[in-house]
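Trainee: I am new to this structure. Please take a close look at one part of it for me, and then show me some other places for context.

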Amino acid sequence: MPPASATIRPAMPSDNDDLSRICLLTGDAGSSAEASYSIPELLGLIYALPYNRLETTFGFVLVDTHAPWPDSVNANDTQHVVGYILGTTDSKKFDEAAEREWWPALREKYTKGKSSSRTRADERCISIIHAPSTTPEDISRRFPAYIHIDILPSHQRKSYGSKLMASAVAFLQIRGHTGLFVGLDPANESAKKFYGRLGFERIEAEGGEWWGLDFDKFRR
């Protein structure tokens with residue numbers, strides 16, 4: 001059983017540094033992607049921070065009062081964020097809000113074009129900033145809600161993922177939703193097993209690998 005020191009609460013703007021750091025430390029199929037980036041904030045700017053700021057977004061974080069924080073972001077904080085689930089209740093509206101309010105400033109800061117100081121991973125993220133993918137129409141009609149979930153390696157495989165997912169499912173059910181979807185790295189086999197155990201099923205659609213969850217099939 002997970003230790004009692006770990007709890008779940010709603011995400012807050014003050015969590016942003018931790019969210020960005022966790023995104024990097026889990027960015028290689030659940031393991032650290034630090035070695036791949038010379039601009040470490042890029043992953044968080046795409047996959048975490050906009051989901052803690054823009055309209056239609058929501059999130060929950062896993063905090064542990066006893067866990068050591070890698071390269072401490074908040075060294076004086078006794079409650080360390082060790083995982084999160086972030087999402088949007090409406091992926092189409094999120095895409096529209098991001099295009100208005102999030103991507104323009106990042107495109108000015110991270111310009112396109114080769115640079116000797118950038119890694120291939122940096123360049124891939126910068127390409128996404130300038131041409132972000134949008135939700136396939138057939139998926140957004142069935143599952144408007146979308147989530148990202150990441151947990152530090154120290155807290156993986158301890159049932160925290162299912163607990164974070166349950167928090168998101170409860171949040172969405174109260175608001176009338178009947179399901180949600182997630183995008184996956186096709187190479188991340190552990191993620192596929194995790195989502196499969198919870199009741200997710202693969203959705204056939206273009207533009208990536210997508211898995212959806214009907215809430216009546218959710219297995220905690």
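Mentor: Start with threonine 88, which sits in strand S3 (residues 80–88). Strands here are DSSP runs of E with at least two residues, helices are runs of H or I with at least four, and both are numbered from the N terminus. Two notes on the source. The model is predicted, so local features need pLDDT of at least 70 and side-chain atom pairs count only at pLDDT 80 or more, while totals for chains, interfaces and linings use all residues. Residues are numbered from 1 along each chain as its sequence is written, and side-chain values use heavy atoms, with hydrogens and water left out.

Back to threonine 88. Its relative accessibility is 0%, so threonine 88 counts as buried. The cut-offs are these: buried is under 20% relative accessible area, exposed is over 50%, and partly exposed lies in between, with a 1.4 Å probe and protein chains only. What does threonine 88 touch, leaving out residues up to four places away in sequence? The list is Tyr51, Thr56, Thr57, Phe58, Phe94, Pro144, Ala145 and Tyr146. Contact here means heavy atoms within 4.5 Å. With threonine 56 there is also a side-chain polar contact, at 2.6 Å. A polar contact is a pair of N or O atoms within 3.5 Å; within protein, one must be able to donate a hydrogen and the other to accept it, and residues adjacent in sequence count only if both atoms are side-chain atoms.

Now turn to helix H7. Serine 167 belongs to H7. Its relative accessible area is 18%, so serine 167 is buried. Beyond its neighbours within four places in sequence, serine 167 contacts Ile8 and Phe60.

H7 also packs against another helix. Helix H7 (residues 160–174) and helix H8 (residues 189–198) meet at about 55°, with axes 11 Å apart. That angle makes H7 oblique to H8. Angles under 35 degrees count as roughly parallel, over 145 as roughly antiparallel, 65 to 115 as roughly perpendicular, and the rest as oblique. The axes are lines fitted to C-alpha atoms, for helices over the stretch in contact, and angles run from 0 to 180 degrees between N-to-C directions. H7 supplies Gly161, Ser162 and Met165 to the contact, and H8 supplies Phe194, Tyr195 and Leu198. By class, the H7 contact with H8 has 4 nonpolar, 2 polar and no charged residues. Ala, Val, Leu, Ile, Met, Phe, Trp, Tyr, Cys and Pro count as nonpolar, Asp, Glu, Lys and Arg as charged, and the others, Gly among them, as polar.

Next, the loops. Arginine 157 lies between strand S4 (146–151) and H7. At 72% relative accessibility, arginine 157 is exposed. Its phi is near 60°, a positive value in a residue other than glycine. Alanine 29 also has a positive phi, near 55°. Alanine 29 is in the loop between helix H1 (16–25) and helix H2 (42–47). With a relative accessible area of 35%, alanine 29 is partly exposed. The loop between H1 and H2 holds alanine 35 too. Alanine 35 is exposed, at 84% relative accessibility.

One last stop. Glycine 113 is in the loop between helix H4 (103–109) and helix H5 (120–130). Its relative accessible area is 42%, so glycine 113 is partly exposed. Not counting residues up to four places away in sequence, glycine 113 touches Arg118 and Glu123.
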